[in-house]
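Q: Could we go through this model together? I would like to ask about pockets, helix packing and backbone geometry.

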Amino acid sequence: MTLGPKHRKKFSSINAGIVAEIVEQYLSNPDAVDQEEFDLLINSLDISKTSDIKDLGLDSTIETKNYCRNFGYLHAEINPLETNTKVLPANINPTEIDRSLYLDKIGYEFIHLRNSKEKNWLYNEIENSVIKISQKRKLNLVERLVEVEGFEKFLHKGFLGARWYSLEGSESMIIVLDEIIRLSTDYDYINVGMPHRGRLNVLAHVFDKPYSEIFSEFREENINHMSSGRMEDYLIDVKYHLGAKKSQDAEILLFPNPSHLEMINPVILGVTKAQQMKNKSSLGILIHGDAAFPGEGINSETFNLSKLEGYDSKGAIHIVTNNQIGFTTNPENSFSTLFATDFVRGYDIPIIHVNGDDIESCVIASTLATKYKNKFNKDIVLDIVSYRRFGHQEMDDPSISQPLMYKKIKNHPTITKIFGEQLVSDKIITQQAILEAKKSHSIKIDSAYNEEVLMDSSIWPGEFKTEQIDYESPSEKISEDQIQDLNKQLYEIESDFSINKRINQVIIKRKSIDSDTPIEWGHAEMLTWASLLVRNISIRFSGQDSQRGTFNQRNAILWDDSNGSALNLLNKFVQKENYVEVINSPLSEVATLAFEFGFSIIENKAMTIWEAQFGDFINNAQAVMDEFIISSQPKWGLDSNLIVLLPHGYEGMGPNHSSGWIERFLESADNNNIAIANCSTSGQYFHLIRAQCLINKQSNPLIIFTPKSLLRHPLASSTVQEIANSNFNPILEKNNVSKPKKLVFGSGKIIIDILSELQINSRDDIALVSIEMLYPFPENKVKEIIEKYSSVKEIIWVQEEPKNRGAWNFINERISLSIDKNIDLKYVGRKNSAATASGSASLHKIQQQEIIDQILN
């Protein structure tokens with residue numbers, strides 16, 4: 001073989017001979033040539049066109065092999081319902097080996113990978129790592145399929161009219177899960193997140209939940225046997241949302257899941273990351289639906305987290321249960337790309353498509369996916385192309401909208417039949433043995449159906465907790481000397497670190513404090529964290545621009561002006577067993593907040609905080625709030641101590657930079673599910689955070705509405721002495737008066753605005769009270785205040801939000817219960833409004849002054 005003239009110019013006569021020898025050797029025996037070196041050689045010759053290959057003097061073997069490697073997935077027989085009709089190019093003539101590797105029941109989509117080492121490793125595994133499935137293993141597989149299929153068929157027979165989102169048509173998902181778990185014995189934890197389809201089957205066969213318990217949940221007969229006597233505690237969520245755990249080589253956890261598709265995925269990654277922070281090896285397995293996978297934006301947000309500092313959980317194995325249909329929607333109406341998985345190509349992630357009707361191919365694909373994840377600690381997607389034998393749920397008729405597909409499915413054999421007949425043909429099992437296995441399983445499942453089960457609930461992992469969290473108990477005292485000590489260490493910075501001039505002025509101001517020094521909000525926050533770190537409490541703080549602070553108030557991280565290096569001021573307080581992370585998150589709310597929720601489930605003794613850039617941004621993540629943070633404890637007994645900071649306050653910045661939507665949180669607050677605070681001073685904030693981490697035994701999410709313009713306001717800044725000599729108080733009396741004519745309640749920034757006016761005008765006829773903890777509502781404290789000022793003729797609730805927003809509707813009925821019947825609680829604030837705030841700064845000032853004037857006059 002000789003080099004063509006075009007390529008001969010690139011080499012000396014000696015090099016040309018060596019190249020020809022290497023190519024000849026590769027053609028006769030590919031295993032004898034180092035694959036990576038060979039690819040580098042071919043790339044260096046720039047052979048990307050057929051003409052180049054012919055010019056090089058190579059026959060079509062390499063061209064065919066490269067085509068099959070790179071584009072074989074387009075021709076592979078991955079759809080169990082139809083034959084692939086995509087024709088190979090005329091010049092591509094695959095051998096039987098290439099056909100069996102790349103054009104059969106698995107489609108390998110790796111061409112987009114940027115890292116040649118990963119790509120070459122994958123192709124080497126495909127071509128050279130022969131996975132042999134023993135006869136014994138095949139027998140186990142067919143027995144497993146009998147169980148999986150038999151369970152679904154029994155549910156159809158035993159619970160007519162019920163819904164459970166059957167796995168039928170995609171039973172191979174259980175085989176894939178089995179294989180991944182079997183190959184993952186080196187992990188301490190395996191965390192599984194999945195939607196509702198097939199969940200009961202996973203609970204029964206992967207997590208060994210007894211059939212009898214599942215049947216009991218269908219019948220719901222245990223509602224009369226609740227030992228707590230609270231019937232409302234029974235199955236507070238549907239059976240196909242529940243979680244489970246199983247201990248074997250690793251502890252396998254299936255986390256409870258809401259109906260909101262794909263939302264569990266970043267939660268699982270947060271859980272996995274938290275376990276890794278505790279020095280445990282941890283693997284995430286995420287199961288997706290083919291319509292939801294590209295359709296739900298949370299998936300793009302989640303993949304975007306995968307290699308970001310603070311979010312990298314060392315990759316996950318993603319399983320797409322691809323039944324080629326949404327609720328009733330065909331793929332062409334679900335996504336704009338060729339495959340449901342195409343959008344992940346941009347994240348440099350390999351994709352394996354596999355025919356869900358071919359069990360051996362599913363095992364091979366699962367093995368490769370697991371080995372890749374363990375080798376490179378990266379995400380990988382396994383697309384199991386299957387079908388859905390029945391409707392979206394068991395009462396739905398899919399033939400209405402997909403008549404042709406469901407004609408095929410009606411006549412299509414089950415996967416158990418396909419694999420069973422294959423084993424019978426190979427003389428590995430007899431048809432009689434398969435019938436015996438089915439009969440044995442039928443006896444087992446019938447027995448479980450008739451078994452009486454008495455249980456409170458099968459919800460995992462926690463218990464329902466309805467006790468009220470005590471934020472009124474005195475927090476651990478901190479002395480002035482301790483505060484001074486922490487402050488000295490906090491702002492002790494090496495002289496060779498070049499600080500930005502503007503920030504240096506902040507640091508200089510913060511360095512020198514005494515008893516009477518007002519501590520601004522951001523300064524108090526840094527001291528709070530330092531005081532927790534020295535108590536060996538870990539801190540994870542994330543959000544958009546959180547390192548510096550949206551309002552330049554925090555400056556937890558400093559950057560050297562000369563070289564750009566970063567300095568975390570809190571690192572010096574880290575003990576042996578804790579850590580501190582202050583993370584600038586990507587511009588995402590849904591995935592990042594869900595990630596932090598997952599993290600806080602595991603690290604529920606640490607301080608986990610997520611901060612919105614502005615409180616309004618919580619709109620983007622409202623479903624995470626509703627489905628997880630607000631309701632996970634009452635639904636699933638799932639504890640989280642996540643703290644959410646929402647900058648809130650009306651400063652004339654318009655509808656999208658004013659409100660943290662206080663009314664939404666108050667509407668959802670009940671059964672002591674969350675705490676909601678609106679602190680008016682830095683000292684209150686200091687002690688509230690410490691109370692959440694040091695006092696409260698019960699973990700509950702805490703929502704804090706934080707200030708913007710008040711961050712540096714003198715009336716919102718507590719002195720060192722005030723911080724040292726106080727605790728968190730759910731109610732603060734803001735001005736000392738003996739015989740007021742008006743008693744005014746409020747919360748947040750408006751309190752400081754009114755207080756400023758009262759001090760300017762030396763008013764002693766108005767008692768101003770700030771409710772700092774909105775929920776749990778401090779009912780007893782409010783009664784005490786009203787009784788103290790029993791002579792007042794007018795009691796007012798004031799707020800800057802519109803009347804249909806803010807706390808008014810929540811507060812009205814609660815304060816009114818404590819007021820004498822002869823006095824009405826009056827409202828002062830903005831009128832009802834469809835928008836949260838005015839877009840005009842000038843109008844805002846007029847409206848704000850009108851509110852203050854009504855109080856003063």
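This is a predicted model: local features need pLDDT of at least 70, side-chain atom pairs count only at pLDDT 80 or more; totals for chains, interfaces and linings use all residues.

Q: What volume does the largest pocket have?
A: Its volume is about 770 Å³.

Q: How many residues line the largest pocket, and which lie nearest its centre?
A: The lining comprises 29 residues. Those nearest the centre are Asn 79, Glu 82, Gln 324, Pro 331 and Leu 338.

Q: How does that lining divide into nonpolar, polar and charged residues?
A: There are 13 nonpolar, nine polar and seven charged residues in the lining of the largest pocket.

Q: Which element gives the most to the lining?
A: Helix 16 does, with three residues. Both helix 16 (403-410) and strand 8 (380-385) supply at least two lining residues each.

Q: Turning to packing, at what angle do helix 8 and helix 9 cross?
A: The axes of helix 8 (residues 135-158) and helix 9 (residues 172-182) cross at roughly 130° and come within 10 Å. The crossing of helix 8 past helix 9 is right-handed.

Q: Which residues meet there?
A: From helix 8, Arg 137, Leu 141, Arg 144, Leu 145 and Val 148 take part. Their partners in helix 9 are Ile 174, Ile 175, Asp 178, Glu 179 and Arg 182. By class, this contact of helix 8 with helix 9 has five nonpolar and five charged residues, with no polar ones.

Q: And how do helix 19 and helix 21 pack?
A: Helix 19 (residues 480-490) packs against helix 21 (residues 521-533) at an angle of about 100°, and their axes are 10 Å apart. That angle makes helix 19 roughly perpendicular to helix 21. Helix 19 contributes Ile 483, Leu 486, Asn 487 and Leu 490 to the contact, while helix 21 contributes His 523, Met 526, Leu 527, Ala 530 and Ser 531. The contact has six nonpolar, three polar and no charged residues.

Q: On to the backbone: is the peptide bond from Tyr 775 to Pro 776 cis or trans?
A: That bond is cis, with omega near 0°. Pro 776 is placed in the loop between strand 22 (773-775) and helix 29 (779-788).

Q: What about phi at Asn 536: positive or negative?
A: Asn 536 has a positive phi of about 70°, although it is not a glycine. This residue is in the loop between helix 21 and strand 10 (539-543).

Definitions and conventions:
Residues are numbered from 1 along each chain as its sequence is written. Side-chain values use heavy atoms; hydrogens and water are left out. On a 1 Å grid over the protein atoms alone, a cavity is a set of points where a 1.4 Å probe fits but cannot get out, and a pocket is an open set with protein on both sides within 12 Å along at least five of seven lines; lining residues have an atom within 4 Å of a point. Grid points are joined across faces, edges and corners, and a volume is the space filled by probe spheres set on the points. Helices (H or I, at least four residues) and strands (E, at least two) are DSSP runs, numbered from the N terminus. Ala, Val, Leu, Ile, Met, Phe, Trp, Tyr, Cys and Pro count as nonpolar, Asp, Glu, Lys and Arg as charged, and the others, Gly among them, as polar. Axes are lines fitted to C-alpha atoms, for helices over the stretch in contact, and angles run from 0 to 180 degrees between N-to-C directions. A crossing is left-handed if the near helix is turned anticlockwise from the far one by less than a right angle, and right-handed if clockwise. Contact means heavy atoms within 4.5 Å. Angles under 35 degrees count as roughly parallel, over 145 as roughly antiparallel, 65 to 115 as roughly perpendicular and the rest as oblique.
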